[in-house]
Amino acid sequence: MSNQLYPSSITLNVLLIEDNPGDVFLILEMLRLANTTKFIVTQVERLEEGLTQLQKHKFEVILLDLNLPDSRGIETVISINQQAPHTPIIVLTVINSKELGIEAVREKAQDFLIKEQVSTAFLVRSIYYAIERKHSETEILSQKQQLEQRIAIQIQELNQLQQELNHLIHQRQNIEEELLYNASHDSLTNLQNRAWFIEQLSHVLEIAKRDATYFFSILLIDINRFQVLNASLGYPTGDQILIQFANLLKTIIRTEDSVARCGGDEFAILVENSKSCEEGIRLAQRIQETLQSPFHFDQQEVIISVSIGIVCDCNVYESGENILRDAHLAMREAKESSQVDYAIFNQDIHSYTLKRLELEQDLQQSFKRQEFLLYYQPIISLTNQKFVGFETLLRWQHTQKGFISPGQFIPIAEETGLIVEIDDWVFTNACLQLKAWQENFPQARDIVLSINLSARQLNDSSLTNKIQQILTKTQVSGKNIKLEITETTLMENAVKAVEILSELQQLNIKLSMDDFGTGYSSLSYLQRLPLNSLKIDRSFVNQMDNSQEDLEIVRAIISLAHTLEMELIAEGIETAAQLDILQSLGCEYGQGYFLSYPLKVEDATAYFE
């Protein structure tokens, strides 16, 4: 399924027929957290109420519990199908009623989800696929009916138009072959599609059940940063990347293996009749080695990288969907790791996923439980050792689990969209604290408070107005605020970043590029971005007294910043030697454990007393 089929601006009307309040709450929360689509949900508890809603309103999808007060089992699906035959149905069932869900699919439900295992990503993806499959079925049926009508007319004129009839029969055969081909192939790459791949997995699973010596594995491959490639190179070039990559995979696999495009920039390979997991691993390594050579498009070279998830012991599975699910978890593990470009699914990955889901659910409750805290790390002038401001740092003190690292919960917050609400909270409370300091200590009127800005916030068209409202409400001047945005975030959409940062600059807010040196900044964009300062990433500062290479990188960054008339802040200063080097190189400001650890509010206040 194309990533562009459901843009974030679309609204889908959903009919939820569910009488369990807990399940209703979870489903509504998942749909609310979906970051690709806005869902408008109508929820009823009885079949009769659902049928009434279907008479009055049009829905894009129906989420249906088979255990209702006035209807149970497959008859519920049949009744809904009779009332709304063109609306896709996704059945919600409990884990011990899996067979009932399968039976519902046989009765023309598009999919079934097990409530205990569903997540936001799985629910949203199931909705997308259900709508797409229903649309395809309707379109194929319509074409078939039209074709049959044409053939019927030609049969009536058989005596006069026998030759034309024969032509039409031949035409029908071609169309049906094309429809069959399209039903199992991806139109862009001409590879088999996800539906075909699932069916093929079901086939080899049956073979494995009959033959204990039969072994197979699968690889799920995702192109890294493909959305960035699309945005920077254009969608036509993005399509060409997918086509060339598909052709590359076809040349790498063995004749007995199969490759399919599962949607977007995801591809799957079935490695059949392999003797061990080594076949899949060697294939993953060949793919990575081949991708070291660039793709060529109109005299332009593009180098891509991929993350690969491998499932080896596929014979123990009951369904192809579950194999793909675990392959996706392994692929995600590879994507999140900086050490490997492929990962093999194992129980540790499964356990990690469960813990991550638990952390996601806890994060959703963190605001209600008031578990977030703000810490403040002093920023010091390296020329006169005077305190000039703080960087605001978010901390999460879980009521049962204690402090949870930002490295654990920030990626989850960004993925679920909660980062927007968190950023708003951080900005508002940081401004309130700054105002309190300024009212009590005259020396606090000139300090600058640095606040981190996430990628989600930078893509929000209402960001400037939102910040203006917070500044007005808290009575804080923009000149006392510095927003820090990571280099990677800025470069992912540099054109829009120039526009947004220019708006923020009108509020007298200072702007800084965080983690400089770790991304892929273009010098031309660095000159265009309205930045006041660069922050040298701690990875260079920590090693520069032991690594000549890192020292030269720091020296080059400082020289570049001075050339561009920007201030320099070095983060992660942990030794006196590092401080001496930065001072000798002319770095203006610094922060780190050697100067001060991040402080609670009461300890930070001591800087003004």
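The following paragraphs go through a predicted model, from the whole chain to single residues. Residues are numbered from 1 along each chain as its sequence is written, and side-chain values use heavy atoms, with hydrogens and water left out. Local features need pLDDT of at least 70 and side-chain atom pairs count only at pLDDT 80 or more, while totals for chains, interfaces and linings use all residues.

The chain has 609 residues, of which 47% are buried; buried means under 20% relative accessible area, exposed over 50%, and partly exposed in between (1.4 Å probe, protein chains only). Its C-alpha atoms fill a box of roughly 100 × 55 × 55 Å along the principal axes. There are 23 helices and 24 strands, taken as DSSP runs (H or I, at least four residues, for helices; E, at least two, for strands) and numbered from the N terminus. Of the contacts between residues at least 6 apart in sequence, 68% join residues at least 24 apart; contact means heavy atoms within 4.5 Å.

Strands of a sheet pair through backbone hydrogen bonds, either parallel or antiparallel. Here two strands pair if DSSP finds at least two bridges between them. β8 runs parallel to β10 (residues 258-263) and is joined to β10 by two bridges; Gln192 stands opposite Ala260 of β10.

Strand β22 (residues 533-536) has parallel partners in β21 and β23. Three bridges link β22 to β21 (residues 510-516), the two running parallel, and Met513 has Leu534 of β22 as its bridge partner. Four bridges link β22 to β23 (residues 567-570), also in parallel, with Ser533 opposite Glu567 of β23. In a regular strand the side chains alternate between the two faces of the sheet. Both faces of β22 are covered: Ser533 and Lys535 on one side, and Leu534 and Ile536 on the other, are all buried.

Among the helices, α13 (residues 406-416) has Phe409, Ile412, Ala413 and Thr416 buried. These residues lie on the same side of α13 because they cover an arc of only 100° around the axis, the arc being that of the directions from the helix axis to the C-beta atoms. Gly417 follows α13 and has a positive phi, near 90°.

In helix α5 (residues 120-156) lies Leu147, which counts as buried because its relative accessibility is 8%. Leaving aside residues up to four places away in sequence, Leu147 touches Arg172 and Ile175. Leu147 and Arg194 are 47 residues apart in sequence, and their C-alpha atoms are 27 Å apart in space.

Two loop residues other than glycine have a positive phi. Arg225, with phi near 55°, sits in the loop between β9 (217-223) and α8 (226-233); its relative accessibility is 40%, so Arg225 counts as partly exposed. Gln475, with phi near 60°, sits in the loop between α16 (463-474) and β20 (481-486). Gln475 is exposed, with a relative accessible area of 57%.
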